[in-house]
Amino acid sequence: MNLVRIIILLCFSINVYAQGYVPKWSLKQKSSLENGLPSINSHNDYMQKLPLFTALVNKVSFVEVDIVKYNKKLFVAHELNLIQENRTFKQMYIKPLLEQLKQNNGFVYSDSSSFTFFVDIKSNAKSTLKLLVAQTERYPQLFSKSKVNIIITGNHPKPKNFTNYPDYILFDGKKEIEYSEKELNKIACISFDFREFTKWNGKGGLQDYEIVALSKQIKYAHNILNKPVRFWNVPNTKGLWRTFVNLKVDIVNVDKLYDCRNFYDLFSKSTYTEKNPHKAYHPTYVSDGKKTKIKNVILLIGDGMGFPQLNAGLFANRGELSITNIKNMGMIRTQSSDNFTTDSAASGTALATGNKTNNTSIGVASDGKKIENISEKLKKVNIKTAIITTDPIFGATPASFYAHQKSRNNTDAIISDLINSDIDVVIGGGMQYIKKDANTISELKKSGFEMIENTSEIKNVQGEKFSLILPDSDFPGINRGQSDILPKSVKETLKYLDKISNNGFFMMVEGAQIDVGGHWNDIAFLVEEVLDFDKAVAEALKFADKDGETLIIVVADHETGGLSILQGNIDLGMVEACFTDNDHSGVGVPLFAYGPFSHLFRGIMENTEINKIIESLLLNNNENEK
């Protein structure tokens, strides 16, 4: 896009998207002015399998019906030869709405938001409208006090006669008509034929000139006439619904009511713009891929971080992450012993022991027998071990590196395993649970852990072991509070380990809350956690460049949410995502490696292979090159 086109688009966008636009109508539907999303109009509602009912279930603000006057009755039909005796406006809409009022204390919806008809008159405007007024005036409990309004579209009376009709009768404005101020007060909205400005089918995206043309009409309606905007003759696609949000269209004509309602209900949790991107770290690559001595290994696990999650973070951070600056990469298969879709316990155990196991199992095989984990093996050769997580310290992934339990839910037993383990550093959440048993903290101290309360105290630790167990207000959900805890913990712990570990160390770092964002289908939470995890990876990469003998591995245990990236704007740091589920999926997940022997972590691998390569490099003094 050249500079001139960008300037033109920005000029229109500033005017169209300007805050403070308040229309002169008083309808109470949840419009774009209130929540940033268009109101839904059930286009040709009578064509639904369940007219009106489908609209009410999906709580739409507008229902559009075609009416024809015949034999002093108002029939719901597109033209005279299509009328059916039982399909009158009264029978199909007025009577059911009266029942709604009985159920909802005099309102169509229980929250008292209003309900509006677009009545598209297909017969003579004057006589049809006269009959419509006569019929609706019989039901003041429905058509008064803005409970139910009617916007006349299709065949209109002359604008000079607009004021002759009741307050609940409003009119659909047309761009080619110049209305007087009095007439404009009876105009509810301005409607445009979408096909006048574009032949777009709703897939892909609009061309720049089409955006300019549509924006010009929206600007005219909003800023000059001070009226909401509706386009008719539109495609029924998510692309159209998304575009109308961006263009600030107030009312969208919809045939697929459930799909559109679901799309908009999830939209606010599916769209995210990162306002403060961080600067990605660029490694030196001096030690990358060298077949030299390895002293330290840092394994960073993005819980629930599939390729789409990584891409969401990449786009939000303006197209660059520290993770994606790593050159050696591959993909991990994640299946557990008893399930195509793994949980964190089985995947954590695979990474910690090099063995597959059943879902929910921690550090035990499918038959329940204990499996020695990497921390236990490294302790035998005096290599220090550290676990840092944004989950409680007894969560499934961290527990896999020190515990042996048939169920991840055996929390007390897992904590007991931690007390009796040889782990040197533990940082995570869960203090509220730990405090439930007054003996737990004393037992941790007896086992050699120096208890500290924040990351700034790490530099003052004098002993060989320490634990930092944070309250639940900090973990989980660190980005909703103190967003630097994970990278700061990694940075300070690396300094500590570098000082005390003559024989090297193994560190497992888990960005646990990426998984929570997936389970909640909350793209904002998810992206924030990916970016926080990326900052922790940057600290590891910096240490590796300085040290020269440290291998970095970045991997995920599984994907969560079935995430897809639908749209975005890398320059603005905006991503729009779609979740297909709120649980784990079985797709392959990313693998990155940096430092000595990083070339061993390429291609498609089983999650168990990560552990086996690490153990081979550390335990065999780097002699086994795969």
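## Reading the terms in a predicted model

Mentor: In the protein chain, 69% of the contacts with a separation of 6 or more are between residues 24 or more positions apart, where contact means heavy atoms within 4.5 Å. This is a predicted model, in which local features need pLDDT of at least 70 and side-chain atom pairs count only at pLDDT 80 or more, while totals for chains, interfaces and linings use all residues. Residues are numbered from 1 along each chain as its sequence is written, and side-chain values use heavy atoms, with hydrogens and water left out.

Trainee: What is the mean pLDDT of the protein chain, and where does pLDDT stay under 50?

Mentor: On pLDDT, the predictor's confidence in each residue from 0 to 100, the chain has a mean of 90, and 91% of its residues reach 70 or more. The value stays under 50 over residues 1-34, for which the model has 67 contacts beyond four places in sequence. Over residues 622-626 the pLDDT is likewise below 50, and this stretch has 14 contacts beyond near neighbours in sequence.

Trainee: Why is Ile553 called buried?

Mentor: Buried means under 20% relative accessible area, exposed over 50%, and partly exposed in between, with a 1.4 Å probe and protein chains only; Ile553 has 0% relative accessibility and therefore counts as buried. Ile553 is found in strand β18 (residues 550-556), where helices (H or I, at least four residues) and strands (E, at least two) are DSSP runs numbered from the N terminus. Not counting residues up to four places away in sequence, Ile553 touches residues including Val297, Leu300, Phe592, Phe601 and Ile614.

Trainee: Why does Gln405 count as buried, and which residues is Gln405 in contact with?

Mentor: The relative accessible area of Gln405 is 15%, so Gln405 is buried. Gln405 is found in the loop between α13 (396-399) and α14 (411-419), and, leaving aside neighbours within four places in sequence, is in contact with Ser361, Ile362, Val364, Asn410, Ala413, Ile414 and Asp417.

Trainee: What makes α14 and α16 roughly parallel to each other?

Mentor: Helix α14 and helix α16 (residues 438-446) pack at an angle of about 25°, with their axes 9 Å apart. Axes are lines fitted to C-alpha atoms, for helices over the stretch in contact, and angles run from 0 to 180 degrees between N-to-C directions. Angles under 35 degrees count as roughly parallel, over 145 as roughly antiparallel, 65 to 115 as roughly perpendicular and the rest as oblique, and α14 and α16 are therefore roughly parallel. Ile415, Leu418 and Ile419 in α14 meet Thr440, Glu443 and Leu444 in α16.

Trainee: Why is the sulfur of Cys578 too far from the closest cysteine sulfur for a bond?

Mentor: A disulfide is a pair of cysteine sulfur atoms within 2.5 Å; the closest cysteine sulfur to that of Cys578 is in Cys260, 14 Å away, and is therefore too far for a bond. At 22% relative accessibility, Cys578 counts as partly exposed. A search of the whole structure finds zero disulfides, and for Cys189 the nearest cysteine sulfur, that of Cys260, is 16 Å away.

Trainee: What does the largest nonpolar core consist of?

Mentor: A nonpolar core is a set of buried Ala, Val, Leu, Ile, Met, Phe, Trp, Tyr and Cys residues joined through side-chain atoms within 4.5 Å, and the largest has 104 residues, with Ile298, Phe401 and Val554 among those with the most contacts inside it. Helix α19 (residues 523-547) gives the most to this core, with 14 residues. A second, separate core of 69 residues includes Val60, Val63, Val76 and Phe263.
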